[in-house]
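Let's take a walk through this structure together. Have the sequence and the model side by side as you read.

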Amino acid sequence: MESLKEKTAKGLFWGGMNNGMQQLIGLVFGIILGRLLSPDDYGMIAMISIFSLIANELQSSGFKTALVNLQHPTHEDYNAVFWFNVMAGAVIYVILFFCAPLIANYYHQPDLVPLCRYAFLGFVFSSFGTAQSAYLTKNLKIKQIAETGITAVLFSSIVGALMAWQGFSYWSLATQTNLFIATNTILLWYHSSWRPTLHINLRPVARMFKFSCKILASAIFGHINVNVLNILLGHYFTARDTGNYNQAYQWNFKCFSLVQGMTTQVAQPVFVELSGQRERQLAAFRKMMRFTAFIAFPLLFGLSLVSHEFIVITIGEKWLNSASLMQILCIGGAVMPLSTLMTNMVISHGRSNIYMWSTIAFGLAQIGLMMLLYPYGVRTMVIAYTLLQIVWVLVWWWFVHRLTGYRLTSLLKDTLPFAGTAAVVMIVTHFATLPIESNILLLLARIVLAALLYFAIMKLANAVILKECIGFLKNKRGEG
């Protein structure tokens, strides 16, 4: 029998492998698609993505999280969630099918009507995989989830790129998303040993709904929070402006989700298993916070540093307006994995109400700010969005402190050394490489110099988390 520590370490490894491979594939095909498609194409998809995301949350209704949060979920629990998701997905799709003209009118884009009806099929496909995904996550089958995600993203990206090459414009992006969801769902069934039965009893869903409805509300507002600029830019500005912002956000998202995904699939099951063991739970949480900060700050600050060269070299000068926006977004992106880890701790204590109200409060604050600032332009809105993300870390810390005793001094000790070191490294690297004129040489020089400086400082500081990472990788190589 593996210990919880071993399961957690393997979960972090496979969570990192999953997200690392997905983001690497996303990087390669993001470059290909960025060169083949225009900002307007990305803008069309960005305008409607919020509707697919909200629909997907409505059909899942937070039940995946609720299942994972149960100590010992039964077949009846999984079966009730499966059939609820399938029925809800079908009903919501029919509603949105007939609402497509209203969405098109809001954005003044008639071509959105058929695009909506095609793109919204994705959440119908995903409704068949929610229970399977919950089963694998609950049992820490992170390796199987990794294999599923990597295969799905590779297959869908190849098809999307081929369609873009053949001139299908924004339809290639919609197809890529639908194909990813459908493939992912099929492979979740392949890897999961659980199967639904035709004995439909929704009473377990009713029992879980008190908890899951708060997760649902939080998830909906979370998607609104992430997509509020897409919604407002699509209405007040042009599809090109929306596409430029969305391109910047997508690169930022790929980077911070690489770190976030390492811990998200592991954190909640581990915290739930350690419930009732306050000291062990807090120790596990602090170690994950340090690991997250150790990776997130240099990665996101580094992407901010090379944003201009990266955009010009990879997807071309037509996306140059995205570079300055990405530079700002990555600063806020560095704290996103920390906030997510703290929300997992809150949820593991059964306090989905705190998660819900804090997410709603963040959303309302953000919407209010964006509505006030949109006359001042896209850049001002992005700066305000980023600053609010950073400030809200302290809000999440306050709730974690109330539940676990996690002190502000502990938060600062777990994160500031890595944030400060990464910031200093990027500033030194920036000035040290200014004389280099070639974009390619500048990009390579900044990546290599920043990585070496950060590693050297961590080594000289005798950082425990660096030793643990190196030790774990050595053990994995020894096992291989």
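A nonpolar patch, as the word is used here, is made of residues with over 30% relative accessible area and no salt bridge, with nonpolar side chains joined when they lie within 5 Å. Keep in mind, too, that you are looking at a predicted model.

Start with the overall picture. The protein chain contains 20 helices and zero strands. Of its 480 residues, 55% count as buried. Among contacts with a separation of 6 or more, 84% are between residues 24 or more positions apart.

Which residues make the nonpolar surface patch of about 790 Å²? They are Met21, Leu24, Val28, Ile32, Leu36, Leu154, Ile158, Leu162 and Trp165. Helix H1 (4-36) and helix H8 (142-165) each supply at least two of the patch residues, and the largest share, five residues, comes from H1. Leu36, one of the patch members, lies in helix H1.

For a contrasting spot, find Thr242 in helix H11 (residues 239-273). Is Thr242 buried or exposed? Its relative accessibility is 0%, so Thr242 counts as buried. Leaving aside neighbours within four places in sequence, you will find Thr242 in contact with Gly43, Ala46 and Met47, as well as with Asn230, Leu233 and Gly234.

Definitions and conventions
Residues are numbered from 1 along each chain as its sequence is written. This is a predicted model: local features need pLDDT of at least 70, side-chain atom pairs count only at pLDDT 80 or more; totals for chains, interfaces and linings use all residues. Side-chain values use heavy atoms; hydrogens and water are left out. Patches are made of residues with over 30% relative accessible area and no salt bridge: like charges are joined within 9 Å, nonpolar side chains (Val, Leu, Ile, Met, Phe, Trp, Tyr) within 5 Å. Accessible areas come from the Shrake-Rupley method with a 1.4 Å probe; for residues, only the protein chains shown count as cover. A salt bridge is a side-chain nitrogen of Lys or Arg within 4 Å of a carboxyl oxygen of Asp or Glu. Helices (H or I, at least four residues) and strands (E, at least two) are DSSP runs, numbered from the N terminus. Buried means under 20% relative accessible area, exposed over 50%, partly exposed in between (1.4 Å probe, protein chains only). Contact means heavy atoms within 4.5 Å.
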